[in-house]
Amino acid sequence: MKVIKAEQIHDAVVDLVLKAARYLPEDVKTAIRVARNTETSDSAKEILGQLLENADLAKESGLPLCQDTGLGVFYVEIGDEVQIEGNITEIINNAMIDGYQKGLLRKSSCHPLTRKNTMDNSPAVIHFTHVAGDKLTIKHMAKGGGSENMSRCTMLTPAQGWEGIKEFVVRRMAEAGPNPCPPTIVGVGIGGTFDLAPSLAKEALFRPLSAENPDPELAAMEKELLDEINQLGIGPMGLGGKTTCLGVKIAMHPCHIASLPLAVNVQCHSSRIKEVTL
């Protein structure tokens, strides 16, 4: 049995929070560079260049990529041969609080109705999965409000199938327009239940842009959705161009014979995700 100390988890989560806020993933930067080189719109090229410059400035200065430093979302995989010293929920939540404080990151968590700020960005949103092995993997996403507000979940009928899925996803991105700060990355969750589909869609966003879906059928569906979304002409920051979306990531799960759950989780161009394995 592998024992992981609370302090080790705490320090790792603080590091994730700070790096996610400050460092744009290399695969996203590469995708933006490629898009800038293939764009035909002068305004789109200019905006994509500014996004790259912003990423460089954030990395050099230690300032966040965006003023909306998001809510702390975590996906945690716990190996069945791992023993954790302490309450892992409390450890992650406290480390998230410390990370936001240390990085002087904006605290965006508030009461849904009174809108009173919790003042420390807590509580963290944590999803747990138990897996085989002696590893603890923690994935962190700083989820901003602009992109999250454009996300949707619906229950299609089985007869709607792929065409219904495609129509819903593309229409959602057309309706979202400039609001999620494109170019976006789009996570799509298909199947499961009403509550599982959105989580599938969000977790799919952790798959690198450069990593093709291992399922050939889903890989083809991702490409088709990406092509159709980019044909909308919304472009970077909604000012026109071919680059509305940098990538589409699909996760699928078996569902009830009478239902077809579908969720779209939108990520802005500042894809603030990091992960660590202990």
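## Surroundings of I185

I185 touches V28, L205, L209, L246, G247, N265, V266, Q267 and S271, leaving aside residues up to four places away in sequence. The model is a predicted one. I185 sits in strand β7, which covers residues 184-191. Is I185 buried or exposed? Its relative accessible area is 4%, under the 20% limit for a buried residue, so I185 counts as buried.

L218 is 33 residues from I185 in sequence, and the C-alpha atoms of the two are 16 Å apart in space.

## The annotated domain

UniProt, in an unreviewed entry, lists residues 11-276 as "domain: Fe-S hydro-lyase tartrate dehydratase alpha-type catalytic".

## The aromatic pair

One aromatic pair is found in the structure. It is formed by Y75 and F206, whose ring centres are 5.8 Å apart. The ring planes stand at 70 degrees, and planes over 60 degrees apart count as edge-to-face, so the pair of Y75 and F206 is edge-to-face.

Which parts of the chain does the pair tie together? Y75 belongs to strand β2 (residues 71-79), while F206 is in the loop between α7 (196-204) and α8 (216-230), so the pair ties together parts that are 131 residues apart in sequence. Y75 is buried, with a relative accessible area of 4%. F206 is also buried, at 7% relative accessibility.

## Packing of α6 and α8

Two packed helices are described by the angle between their axes and the distance between the axes. For helix α6 (residues 161-176) and α8, the axes come within 10 Å and cross at roughly 40 degrees. The crossing of α6 and α8 is right-handed.

On the α6 side the contact is made by W162, K166, V169, V170 and M173. On the α8 side it is made by M221, E224, L225, E228 and I229. Sorted by class, the contact of α6 with α8 has seven nonpolar and three charged residues, and no polar ones.

## An exposed loop residue

L104 lies in the loop between α4 (88-102) and β4 (125-131). With a relative accessible area of 71%, over the 50% limit, L104 is exposed. The C-alpha atoms of L104 and L63 are separated by 8.8 Å, and the two residues are 41 apart along the chain.

Methods:
Residues are numbered from 1 along each chain as its sequence is written. This is a predicted model: local features need pLDDT of at least 70, side-chain atom pairs count only at pLDDT 80 or more; totals for chains, interfaces and linings use all residues. Side-chain values use heavy atoms; hydrogens and water are left out. Rings of Phe, Tyr and Trp (its six-membered ring) pair if their centres lie within 6.5 Å; planes under 30 degrees apart count as stacked, over 60 as edge-to-face and the rest as tilted. Helices (H or I, at least four residues) and strands (E, at least two) are DSSP runs, numbered from the N terminus. Buried means under 20% relative accessible area, exposed over 50%, partly exposed in between (1.4 Å probe, protein chains only). UniProt positions are given in the numbering used here, feature names are shortened, and annotations may be inferred rather than shown by experiment. Axes are lines fitted to C-alpha atoms, for helices over the stretch in contact, and angles run from 0 to 180 degrees between N-to-C directions. A crossing is left-handed if the near helix is turned anticlockwise from the far one by less than a right angle, and right-handed if clockwise. Contact means heavy atoms within 4.5 Å. Ala, Val, Leu, Ile, Met, Phe, Trp, Tyr, Cys and Pro count as nonpolar, Asp, Glu, Lys and Arg as charged, and the others, Gly among them, as polar.
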